[in-house]
Amino acid sequence: MQVMSVLCPVPGGVLLLLKPGFTRHAPQILADLADMAGDDQINIASPPPFRLTREDVQAIWGHAEAKMGPRYSEMVAYLMSGPVRAIFASSSSPDFAKMVRTRVGTTDPRMAGINTWRWRWSTLDVDSPTYYRNVLHAATDADEASQNLSALAHHLGYTGTIGGMVLCQPGKF
């Protein structure tokens, strides 16, 4: 019998998407995630880097188009300009998603705080309007993570959920 789907290590977890130019920080983020889990069990998966399509960007960030105006087209071009890297992580710690959100920092890296990934690795000038070049996207609540997984399914091998468990194609992780 051929296995069509396997469980992915995401339930109750977070989805991080390292943006173009920042995938080199994946090893440090993976180490930080393990540290955040402490003695609690942690599951981490990070498939190989891939490139976003216009449709991917629209599905995840389309809600920002009206607010961003002409900068939205610049953001789309940037997000499609190079490989991105997805990181899925879940932990038995009830505070894990909150800890990850704190470590990510606010959307604008200049306001994110010195102990955040966005502040540490951002390359934005003080006056730059391109805050979307903020190192990574973080889906730290279940609804957003599920929506993002669905949008990126064709890259990640995500096939759906059953009983709250995330299903992926074998061999993608």
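Which side chain meets that of Arg110 in a salt bridge? The partner is Asp108, at 2.9 Å from N to O, where a salt bridge is a side-chain nitrogen of Lys or Arg within 4 Å of a carboxyl oxygen of Asp or Glu.

This is a predicted model, in which local features need pLDDT of at least 70 and side-chain atom pairs count only at pLDDT 80 or more, while totals for chains, interfaces and linings use all residues. Residues are numbered from 1 along each chain as its sequence is written, and side-chain values use heavy atoms, with hydrogens and water left out.

By this rule the count comes to 3 salt bridges, as tabulated here.

| Salt bridge | N to O distance |
|---|---|
| Arg103 and Asp32 | 3.5 Å |
| Asp32 and Arg120 | 3.8 Å |
| Arg110 and Asp108 | 2.9 Å |

Asp32, Arg103 and Arg120 are linked in a network of salt bridges. Asp32 lies in helix α1 and Arg120 in helix α6 (residues 117–121), so this pair ties together parts that are 88 residues apart in sequence; helices here are DSSP runs of H or I with at least four residues, numbered from the N terminus.

Notes: Helix = DSSP H or I, 4+ residues; strand = E, 2+ residues; numbered from the N terminus.
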